[in-house]
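Morning, everyone. Please take a look at the structure on the screen.

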Amino acid sequence: MMGAAENAELGGLQDEEEMVAGTAPPARKMQSLDFEHIGSLAAVAESLSPRSKWRMALRSIRIVIFQAKINVLLPFGPLAITLHYIPGNHQGWVFLFSLIGITPLAERLGYATEQLACYTGPTIGGLLNATFGNATEMIISIYALKNGMIRVVQQSLLGSILSNMLLVLGCAFFAGGLAHPDRDQVFNKASAVVNSGLLLMAVLGLMFPAVLHFTHSEAHYGKSEVSLSRFSSCIMLVAYASYLFFQLKSQRSLYSPIGEEEETTEDEEDEKEITQGEAISWLFVLTIWISILSGYLVDAIQGASESLNMPLAFISVILLPIVGNAAEHASAIMFAMKNKLDITLGVAIGSSTQISMFVIPFCVVIGWMMGEEMDLNFQLFETATLFITVLVVAFMLQEGTSNYFKGLMLILCYLIVAASFFVHVDPKSSDNK
């Protein structure tokens, strides 16, 4: 009996201990949660303090400005502006320094766009990359239009298309092929076919005004060509808007990257270096600085052509687009080496599609508003060059694979085009438009 009583007493003590043990940890958890809550509030308060904001701003400046080695070329921009106001004929140097000064700005614009794309996803990211990558060309074109330099606008936009389709895509395929020599790289063929179709539509829009002009079959000489260009430009803008709806809303699955579903979230987290707000702020600042330098660049083009003894067509079609496409060039090669060819095509071919179906028609409409007779008659030589280039690239993309040899062929094609424009002189009738 005594043993039974002792056992009951011991059991009661154990139950009490278990109850105490069971209730004590939640109390400790509540205390730790309170401390965590207080700690998180303190972190938020600290992040909103002026000192923290200054620290974040300095960090952002260090990443965007001082981390990239190409930014050693930034002082050439202010130097070009200084030379512009020094008495004497310095147009050649102003042009070269402006060209060099815009190069790192265009590359940093591409970097800020890539950072913003990390928060938006691959499809919208590729579209943003193409859009802000073309901001340099759009700004230069608007300044040239304001100065009545219609041929410079036409040739620089044509050169951007040729540069993106041959040089940028060729270098990306070549670098990607060397980085992955054991196999062909694969991309979404359906997306490439849609872009090729839009590029052929753009060639159609550019071809008829030129054919109408050179066959002298206009109903009203000099007016029908401009009227047709303005009508075709409006149709092309509608087609591009429909393409955006098709790409982003209607058929999003058609543009999903191949074999990247599992990797995208991890890669995006690794690539985020600045916040979304900082990326938008840098896009705004860099676009303003590029627009300032573009004004000096456009003013110096004619003088640079004479002082450097270089054809104006070569400067407009080859030199200007190489600088304007610096952002696309760097990002397309980087994505190709990471085996992300769908983003590479979105940058290179997507950029060409955007220039041909949006930027060129947009410039025609803007010229219409300014009272400038900007049209789609790019002359026979330029239109034929674009037509052959679109066919070559369409044949390269039809298999849905790439390798370093395809890239090498595209680069060699671009060298032939560059040599052609070096010996090409515009007809005098087109200079007096």
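Which residues line the second largest cavity? They are E137, I140, S141, S156, S160, L320 and P321. Before going on, a word on the source: this is a predicted model, where local features need pLDDT of at least 70, side-chain atom pairs count only at pLDDT 80 or more, and totals for chains, interfaces and linings use all residues. Residues are numbered from 1 along each chain as its sequence is written, and side-chain values use heavy atoms, with hydrogens and water left out.

Back to the cavity. A cavity is a set of points, on a 1 Å grid over the protein atoms alone, where a 1.4 Å probe fits but cannot get out; lining residues have an atom within 4 Å of a point. By this rule there are two cavities of 30 Å³ or more. Helices α6 (135-146), α7 (150-179) and α13 (312-324) each give two or more residues to its lining. Helices are DSSP runs of H or I, at least four residues, numbered from the N terminus. The top contributor is α6, with three residues.

Now S229. This residue sits in helix α9, residues 224-250. Is S229 buried or exposed? Buried, at a relative accessible area of 0%; buried means under 20%, exposed over 50%, partly exposed in between, with a 1.4 Å probe and protein chains only. What does S229 touch? Leaving aside residues up to four places away in sequence, S229 touches P209, V364, D375, L376 and N377. Touching means heavy atoms within 4.5 Å.

Note on methods: 1 Å grid on protein atoms, 1.4 Å probe; cavity = no way out; pocket = protein on both sides within 12 Å on 5 of 7 lines; lining within 4 Å. Points joined across faces, edges and corners; volume = space filled by probe spheres on them.
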